[in-house]
Amino acid sequence: MVLRNTGYNPFTAEGKKTAALEIWEWWQSAHEAWHQELGEGAAHPPLTVFVSVGDGNIISGIHKGFKDLLQLGWIASLPRLIGVQAAGSAAIANAFHANTEIITPVVADTLADSISVDLPRDGVRAVRAARETGGTFVTISDSDILWAIAELGLAGVFAEPAGAAAYAGMLKALADGIVQRDDPLLVLNTGSGLKDTKAALRAAGEAPVIEPTLNGLREALRK
């Protein structure tokens, strides 16, 4: 029998940690660009990574990947991990802010299906991922998620609600002073918007009907 639920699968973290390796590879290139612009001895703030959290597998896997890199001596310190949960499905965030590793179940209620979890199966390691890297957890509303889907769409990124949640969490962290605008930030998009087209339609609102002529297009652009 194959257990496909990532919350129970002990090999999940090994797969998810590859995201940390790809982030590290990108961060090496960013370092080079930083030093070219500001000089070899220039100091830079640590990287902060925003990850949407449901069961907790992705953030704990990324944490494991960064710890492996630290043990190899390939990075000098762990990037800061900030978990983002929907306010209606915030069991791990609740535990983190209560300074406990006891994950109390909730009745999950969020449009972000991929992070809608009553009892997270990897919650303890998710709490540790944020705590051991100097990170935190933030919670955002479903309306924040819908707004973020539309904003990311304007930038050419079609994100599922869970992926957009990480972006909404980054904006909240900026507003709350958890991170600063000149900090190096990375937002992880966990999936394509094609996974949930209903949410995308809600985020976009009613689409205009445009007459299939140049005049029709010009008229629509004036509105």
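Modeller: Let's start with a rule: two strands count as paired if DSSP finds at least two bridges between them. Strands (E, at least two residues) and helices (H or I, at least four) are DSSP runs, numbered from the N terminus. This is a predicted model, where local features need pLDDT of at least 70, side-chain atom pairs count only at pLDDT 80 or more, and totals for chains, interfaces and linings use all residues. Residues are numbered from 1 along each chain as its sequence is written, and side-chain values use heavy atoms, leaving out hydrogens and water.

Biologist: Thanks! How do you know that β1 and β4 pair?

Modeller: β1 (residues 48-52) and β4 share three bridges in the parallel sense, and the rule asks for at least two.

Biologist: What makes β3 and β4 edge strands?

Modeller: The open, parallel sheet runs β3-β2-β1-β4. β3 (136-140) and β4 (185-187) each have a single partner strand, so one side of each lacks a neighbour in the sheet.

Biologist: Why is Leu-188 called buried?

Modeller: Buried means under 20% relative accessible area, exposed over 50%, and partly exposed in between (1.4 Å probe, protein chains only). Leu-188 comes out at 17%, so it is buried. You'll find Leu-188 in the loop between β4 and α8 (197-204).

Biologist: And which residues does Leu-188 contact, neighbours within four places in sequence aside?

Modeller: With contact meaning heavy atoms within 4.5 Å, Leu-188 touches Phe-50, Val-51, Ile-58, Ile-62, Gly-163 and Ala-166.
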